[in-house]
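User: Hi! I have a new chain open and would like to talk it through with you. Could you bring it up?

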Amino acid sequence: MKLGESKEDYLEAMYILKRQKGYVRNFLLCNYLNYSKASVSVAIRGLVAEGYVIKDEHGYVELTAEGKKIAKKVYARHLLLEEFLELIGVSPETANHDACRMEHTISEESFQKIQELVKKIKKENASNEQMQLTN
């Protein structure tokens, strides 16, 4: 099931914040995503209703197993696309911004091909560095 860019962004942000801070609350999502409290509250309620998020009585938000699975996939796509864009000379800031957009729309086939290409480029770069060290 395709969630849509906005919901995927929320799940990804929750995954990142949990890794960085150890917990997630609405105000952290507001700050991270630069969204209003009202927007975050509505989105979290929807994600809870759909079974991707659990919110406890103290206001802490957790990803369900399904929510975490989706968040990790989106985040992994983001990291790889950002790395690819930087490898081809895109500035880090632009690469991050563009990867945020691309992670939601790229096909699985294109993603796999980019993944293969990044591995190949990194292997070639490592070989070139090794050859320079031996010369």
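Analyst: Here it is; we can go from the overall fold to single residues, bearing in mind that this is a predicted model.

User: Great. How many helices and strands are there, and in what pattern?

Analyst: The chain has six helices and two strands. Along the sequence they follow the pattern α-α-α-β-β-α-α-α.

User: And is the chain compact or spread out?

Analyst: It is more spread out than a compact globule, because its radius of gyration is 18 Å, well over the 14 Å that the globule rule gives for 135 residues. The C-alpha trace spans about 65 × 30 × 25 Å along its principal axes.

User: What share of the residues is buried?

Analyst: Buried residues are 35% of the 135 in the chain. As for the surface, the chain exposes about 8700 Å², with 52% of that supplied by carbon and sulfur atoms.

User: Nice. Which residues touch the most other members in the largest nonpolar core?

Analyst: Those are Leu11, Met14, Leu29, Ile44 and Val53, in a core of 25 residues. The elements giving two or more residues to this core are H1, H2, H3, E2 and helix H4 (65–87). H1 gives the most, with seven residues.

User: What is Leu11 in contact with, beyond its sequence neighbours?

Analyst: Leaving aside neighbours within four places in sequence, Leu11 contacts Leu3, Leu47, Tyr52, Val53, Leu63, Gly67, Ile70 and Ala71. Apart from this core lies another, of 10 residues, among them Leu81, Leu85, Ile106 and Val118.

User: Let's go to H2. Which of its residues are buried, and what covers them?

Analyst: In H2, residues 26–33, the buried ones are Asn26, Leu28, Leu29, Cys30 and Leu33. Their cover includes helix H1 (5–21), helix H3 (37–49), strand E1 (53–55) and strand E2 (61–63).

User: Is Asn34 buried or exposed?

Analyst: Exposed, because its relative accessibility is 69% and the cut-off for that class is over 50%.

User: Switching to Arg77. Where is it, and is it buried or exposed?

Analyst: Arg77 lies in helix H4. It counts as buried, because its relative accessible area is 8%, and buried means under 20%.

User: So what is Arg77 in contact with?

Analyst: Beyond neighbours within four places in sequence, Arg77 is in contact with Glu103, Ile106, Ser107, Glu108 and Phe111. Ile106 is also one of the residues in the core of 10.

User: One more residue: where does Cys100 sit?

Analyst: Cys100 is in helix H5, residues 92–105. It is partly exposed, with a relative accessible area of 30%. Cys100 and Glu82 are 18 residues apart in sequence, and their C-alpha atoms are 8.4 Å apart.

User: Last topic, charges and contacts. How far apart are the mean positions of the positive and negative charges?

Analyst: They are 5 Å apart, for 20 positive and 20 negative charges. On contacts, of those with a separation of 6 or more, 55% join residues 24 or more positions apart.

Note on methods: Residues are numbered from 1 along each chain as its sequence is written. This is a predicted model: local features need pLDDT of at least 70, side-chain atom pairs count only at pLDDT 80 or more; totals for chains, interfaces and linings use all residues. Side-chain values use heavy atoms; hydrogens and water are left out. Buried means under 20% relative accessible area, exposed over 50%, partly exposed in between (1.4 Å probe, protein chains only). Helices (H or I, at least four residues) and strands (E, at least two) are DSSP runs, numbered from the N terminus. Contact means heavy atoms within 4.5 Å. The radius of gyration is taken over C-alpha atoms; the globule rule is 2.2 Å times the number of residues to the power 0.38. Accessible areas come from the Shrake-Rupley method with a 1.4 Å probe; for residues, only the protein chains shown count as cover. Lys and Arg count as positive and Asp and Glu as negative; His and the chain ends are not counted. The place of a charge is taken as NZ of Lys, CZ of Arg, CG of Asp or CD of Glu. A nonpolar core is a set of buried Ala, Val, Leu, Ile, Met, Phe, Trp, Tyr and Cys residues joined through side-chain atoms within 4.5 Å.
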